[in-house]
Amino acid sequence: MTTDGKRRDAAAGLGTQPAGPDGDVRRLIPRTDALLREPRLAEAARRLGAPVVKAAVRQAQARARAGRVAPEDVADEAVALLPHTASGLHPVINATGVLLHTNLGRAPLSDAARRAVAEAAGPTDVELDLATGVRDRRGRTALRALRERVSDAQAVHVVNNGAAALVLAATALAAGKEIVVSRGEMVEIGDGFRLPDLLVSTGTRLREVGTTNRTTAEDYAAAIGPNTGFVLKVHPSNFRITGFTRSADLTELSGLGVPVVVDIGSGLLAPEPLLPDEPDAASQLRAGASLVTASGDKLLGGPQCGLLLGEESLVRALSRHPLARALRVDKLTLAALEATLTGPPTPTAAALTADPAALRARADRLAASLSADGVDARVVESAATVGGGGAPGVTLPSAALSLPETYAAALRTGRVPVVGRLEAGRCLLDLRAVPPQDDERLYGAVRAVAES
Ligand SMILES: *Cc1c(COP(=O)(O)O)cnc(C)c1O
């Protein structure tokens, strides 16, 4: 506690240690307990937890001891050092031009989904029928919404992610048996995650058929026998094989007498005219797929989850398998998924369908404002991509702000982190994945770097 009231920082009303006869400014640095009582920091402690605030206070005091902050500014400095959220995850602006950036958490949620998540965060009726007061099917409204969006699916189930959907299908339908799969579809999705390894880890055997570039229905037919669990078709979602290629038709495979599971990856529920080569759940089911698996946080634009859609008996076998319990999704995911399915177009859909001329106009406006501020900002044409989430080889015409390369790191570590991409010695901020309402924040972030 302060012992010398006269030496108190009058403005902030904060206790300081008494200055020595030498007037050492270090002794004017407010003490931790006094700082923690400062109204803004006390409020932050209630919001973020005391340890987080204490860490900011210690850091601010250290800066004052190092002479980088005046003693009377320590409280302000600590407030400035406080994190915005209680987690270490920073909301960022995705200016990479990659719509579904895995390192940035893939699909951003719609406002409807964000609100649904917040509303479901407390106690909810996720497994209770409020009318009767009895237990009910978990996530029934989300499942119904999914089922209604894909009328070709007799039944649906939702698990933790696309990989979990495959694991559940393999375990429930092919444990101790064989999965027949083309050599051209033994893919690695990213970060060392290989589908064949995942499938084998469930205790099934892979029966590889065909070649890298060509696999026919006869290849599958010749491999099918009493030990077959199912035929698996995997959409190569992050690369393309072109040239002398052939793959078997679903219609042909569906006549082989075993279930055909199709991993479409992206989560498109219906055809998307802008991405003609991207498979969708409805078309695959109509063409004869018994079961379709997909991710929720790719082109569907929802939360991380794995969708399973298809024949009633198969979906029931999956959802009742003991492993299903270990792969189940939480209420927040169910809430976000339902709001994504029933709500307005997602940010991912908006980014996908954005008009290149409108992107250019936004870039022009931003560049004009920044140039007027003395920033070396130009507008360049850019090619955006869907990302690891789908549509390999497809580029989407876009517009980008081009800034000096040194902006890249500063923008990433700024108060509103912006992630762009480096190209030919310039830092490009591609606007396709940036919602128009974020232009102002983007401008502010670049300004802040220019001024620093
Ligand atoms: C993305 C993807 C997966 C994995 O899905 P996650 O949701 O990331 O687990 C599996 N198969 C394909 C074809 C994919 O594109």
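Trainee: How many of the 452 residues of the protein chain count as buried?

Mentor: In this predicted model, 41% of the 452 residues of the protein chain count as buried. The protein chain has 18 helices and 17 strands, and its C-alpha trace spans about 95 × 55 × 40 Å along the principal axes.

Trainee: Where do the buried residues of helix 4 fall when the helix is seen down its axis?

Mentor: Begin with the general idea: an α-helix has 3.6 residues a turn, so residues three or four places apart point the same way. In helix 4, which runs over residues 74–81, the residues Val74, Ala75 and Ala78 are buried. Seen down the axis of helix 4, these buried residues fall within an arc of 100°, so they line one face of the helix. Among the elements that cover them are helix 1 (32–37), helix 2 (39–48) and helix 3 (50–65).

Trainee: Which residues surround the ligand?

Mentor: The ligand is surrounded by Asn161, Gly162, Ala163, Ile189, Val234, His235, Ser237, Asp263, Gly265, Ser295 and Gly306. Helix 7 (162–174) and strand 10 (260–265) are the elements that give two or more residues to this shell. Sorted by class, the shell holds three nonpolar, seven polar and one charged residues.

Trainee: Why does His235 count as partly exposed?

Mentor: The idea is to count neighbours, and a residue needs 20 or more other C-beta atoms within 10 Å of its own to be buried. His235 has 19 C-beta neighbours inside 10 Å, and therefore counts as partly exposed.

Trainee: Where is the place of His235 in the chain, and which residues is His235 in contact with beyond its neighbours within four places in sequence?

Mentor: His235 sits in the loop between strand 9 (228–234) and helix 10 (250–253). With those sequence neighbours left aside, His235 is in contact with Asp263, Ile264, Gly265 and Pro279. Asp263 and Gly265 also belong to the residues around the ligand, as does His235 itself.

Technical notes:
Residues are numbered from 1 along each chain as its sequence is written. This is a predicted model: local features need pLDDT of at least 70, side-chain atom pairs count only at pLDDT 80 or more; totals for chains, interfaces and linings use all residues. Helices (H or I, at least four residues) and strands (E, at least two) are DSSP runs, numbered from the N terminus. A residue is buried if 20 or more other C-beta atoms lie within 10 Å of its own, exposed if 12 or fewer, and partly exposed in between; C-beta atoms are placed from the backbone. Two residues are in contact if their C-beta atoms, placed from the backbone, lie within 7 Å. A residue is near a molecule or strand if its C-beta atom, placed from the backbone, lies within 6 Å of it. Ala, Val, Leu, Ile, Met, Phe, Trp, Tyr, Cys and Pro count as nonpolar, Asp, Glu, Lys and Arg as charged, and the others, Gly among them, as polar. The arc is that of the directions from the helix axis to the C-beta atoms.
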